[in-house]
Amino acid sequence: MPSESVALPGLEVAVLDLALAEAKYDMQLTGTERFDAAGDPAGLDMRFGYATDIFDAATVRLFAARLHRIFEIVAADPAIAIRAIDIRGTGERSRTGAAPPAGLPALIAAAAEIDAGAVAFTHDAHTVTYGELADKLVTVAKAMGPTAKPEALVDVALAGLVPGLLAALGGSGLAAVLRTLRTEARAVLSNSGLEVDSEGIS
């Protein structure tokens, strides 16, 4: 909702925010834009309205925290796939059992075991699955030896699968790809028991 200003000759006008005692819907989220004195965007005021016979305050606060987490992650990486975002908080993740592998090559290998055909990376006409990337990583790791850094292994593996990628993306572009790969591989692991989503990814 845009924030409206009202000006009437000879009158001081202020917006009156009415507190509604009854919810119109089971749950409603209203967002109102805020602007500073210069008229530049200064954020959003977000307010949940909900039926108290369906939801309690703790549940709604959890919804708000998860939505805020999505906003933060998308702001940091606008290219991230929504399905790759883990909406759980630290406490929730700690209750899910074993942690996923820490290294990126290990994450990719684990994701390939769960869904080898899932798309790990797309660039122009090239599509690379987790299975293809994991296989290439094995080959590259043997050639580069045990001292190679995990990020370097993935850089070389992607460059081998997608000719011209290093020149096309540059250092910052590859760094963004590595961050996205890490997030999406974790999503494949954490969602391995869930039903297929709208894009056909388990």
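This is a predicted model: local features need pLDDT of at least 70, side-chain atom pairs count only at pLDDT 80 or more; totals for chains, interfaces and linings use all residues.
Residues are numbered from 1 along each chain as its sequence is written, and side-chain values use heavy atoms, with hydrogens and water left out. Local features need pLDDT of at least 70 and side-chain atom pairs count only at pLDDT 80 or more, whereas totals for chains, interfaces and linings use all residues.

The protein chain contains six helices and four strands. Both element types are DSSP runs, numbered from the N terminus (helices: H or I, at least four residues; strands: E, at least two). Their order from the N terminus is β-β-α-α-α-β-β-α-α-α. The chain has 202 residues, of which 24% are buried. Buried means under 20% relative accessible area, exposed over 50%, and partly exposed in between (1.4 Å probe, protein chains only). Contacts are heavy atoms within 4.5 Å. Of those between residues at least 6 apart in sequence, 49% join residues at least 24 apart.

The largest nonpolar core comprises 29 residues. Such a core is a set of buried Ala, Val, Leu, Ile, Met, Phe, Trp, Tyr and Cys residues joined through side-chain atoms within 4.5 Å. I108, Y130, L133, V154, L158 and L181 have the most contacts inside the largest core. At least two residues of this core come from each of helix 3 (104-114), strand 3 (119-123), helix 4 (130-144), helix 5 (150-161) and helix 6 (165-190). Helix 6 contributes the most, with eight residues. L133 touches I108, A120, V128, A157, L158, L161 and L181, neighbours within four places in sequence aside. A second, separate core has five residues, including I80, A81, A84 and I85.

Two salt bridges were found. The criterion is a side-chain nitrogen of Lys or Arg within 4 Å of a carboxyl oxygen of Asp or Glu. D45 pairs with R34, the closest N and O atoms being 2.9 Å apart. D45 lies in strand 2 (residues 41-50) and R34 in strand 1 (residues 27-35), so the bridge ties together parts 11 residues apart in sequence. D45 is partly exposed at 39% relative accessible area, and R34 is partly exposed at 35%. The other bridge joins R182 and E151 (3.9 Å, N to O). This pair links distant parts of the chain, with R182 in helix 6 and E151 in helix 5, 31 residues apart. R182 is partly exposed at 22%; E151 is partly exposed at 34%.
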